[in-house]
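Subject: Structure for you to look at

Hello,

Here is the structure I said I would pass on. Please open it before you read my notes.

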Amino acid sequence: MEPNECAARTWLIVGGRSHEPGAPANQPITPASSFLHGTQRSYARSDGNPTTEALEALVGGLEGGRAVAYASGMAAVAAVFDRVPTGGEVVLSDDCYHGSSAFALRGERLGRWRLTRVAQKDTGGWIEAASRADLLWLESPSNPLLVVADLPAICRAPRASKTTVAVDSTFATPLLLRGLDLDADLVVHSATKAIGGHSDLLLGLAVTRRDDIHEELLEQRALTGATPGVLESYLATRGARTLALRFGAAQTSAGVLAERLEAHPKIERVRYPGLASHPTHALALRDLAGFGTLLSFDVAGGAPAADALCSNLRLIQHATSLGGVESTIERRARYPGQEHLPPGLLRLSVGCEDTEDLWRDLERASRA
Ligand code: PLP
């Protein structure tokens, strides 16, 4: 079966498997750096590994392109930035994962590229940048403010021949958004998050339809050695099999919690693309197949009250990262480079626990 012959949730089950008679039902873990001479494959760093290729086939099929897997989401981010010629221009949103902005700032400091920041909502600014920059880097919805970018307008704006548009779809997953269909050149995922789904691995993916970019990514990965481990590739493939089920359950809870938090007297503001009050709700309705599993909210009383809420939780884990079966929460302004965020802003990644248990935990912790 080909990915375009079935729904995403079916491809998640059938993709990345051999259908040869007698083949193992799951692509086995192949712990080999070297392969005997005689085929195209002799060394895993440069020629790939069958365990990782199964994951690449699975995620590539979901996004409608060809995927290259990396040792982490940041390794995938770095591989895409690495394509920018020295002295070129990178355009980054005002709201994005702090690791990506720290990496972009570092490149600027080292004289590697020029960095321009454009507000996620400034579609005109992005369209203008597309006519001159080397790389447009967008996250949609963004981390942690959940702002949805007008990707159809930005990706389809006239662009310079050198300009590439990359979309970090970690929050959306391929279930909500297929960036390549909107004419993005690249889609990036931290599979550490929802794709892996169990907080037990680090892995990243970059996906493209362009043969030239695919070749460059493979060469870059071979030369920098940012290859994922085979256990991680296996676990990510296994985790991805249940992505649609996990994501669907978590997304339903996220919608309920967002609405209830919005009515809560101790919460000043909730950001969730599914809420009518969200500044980019209309774009989310138009462009996303759902509103996702992440929300952020500002606790009245700022940082001390938000910290107290986190430490009073018993079910939701006070931990970083997101996209796991377990719900996690943290105050984002705690990180260097994130001081511009509201001090009491908590980012909640909703997992697969019972919705009412999650609500009771939040309610009780906010009263304590
Ligand atoms: N992109 C986004 C949106 C993220 O949230 C993260 C990590 O939180 C990354 C990329 C980096 O992924 P990793 O931690 O797997 O390197």
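My notes on the ligand and its pocket follow.

This is a predicted model, in which local features need pLDDT of at least 70 and side-chain atom pairs count only at pLDDT 80 or more, while totals for chains, interfaces and linings use all residues. Residues are numbered from 1 along each chain as its sequence is written, and side-chain values use heavy atoms, with hydrogens and water left out.

Around the ligand are S72, G73, M74, Y97, E139, N143, D168, T170, S190, T192 and K193 (a residue is near a molecule if one of its heavy atoms lies within 4 Å of it). This shell has 2 nonpolar, 6 polar and 3 charged residues (Ala, Val, Leu, Ile, Met, Phe, Trp, Tyr, Cys and Pro count as nonpolar, Asp, Glu, Lys and Arg as charged, the others, Gly among them, as polar).

A backbone N or O atom of G73 is 2.9 Å from a ligand oxygen. For the side chain of S190, the distance from a polar atom to a ligand oxygen is 2.8 Å. In K193, a side-chain N or O atom lies 3.0 Å from an oxygen of the ligand. The ligand alone exposes 390 Å², and the protein buries 92% of that (Shrake-Rupley method, 1.4 Å probe).

The lining of the largest pocket divides into 8 nonpolar, 7 polar and 3 charged residues (a pocket is an open set of points on a 1 Å grid over the protein atoms alone where a 1.4 Å probe fits, with protein on both sides within 12 Å along at least five of seven lines; lining residues have an atom within 4 Å of a point).

Regards

Key
A polar contact is a pair of N or O atoms within 3.5 Å; within protein, one must be able to donate a hydrogen and the other to accept it, and residues adjacent in sequence count only if both atoms are side-chain atoms.
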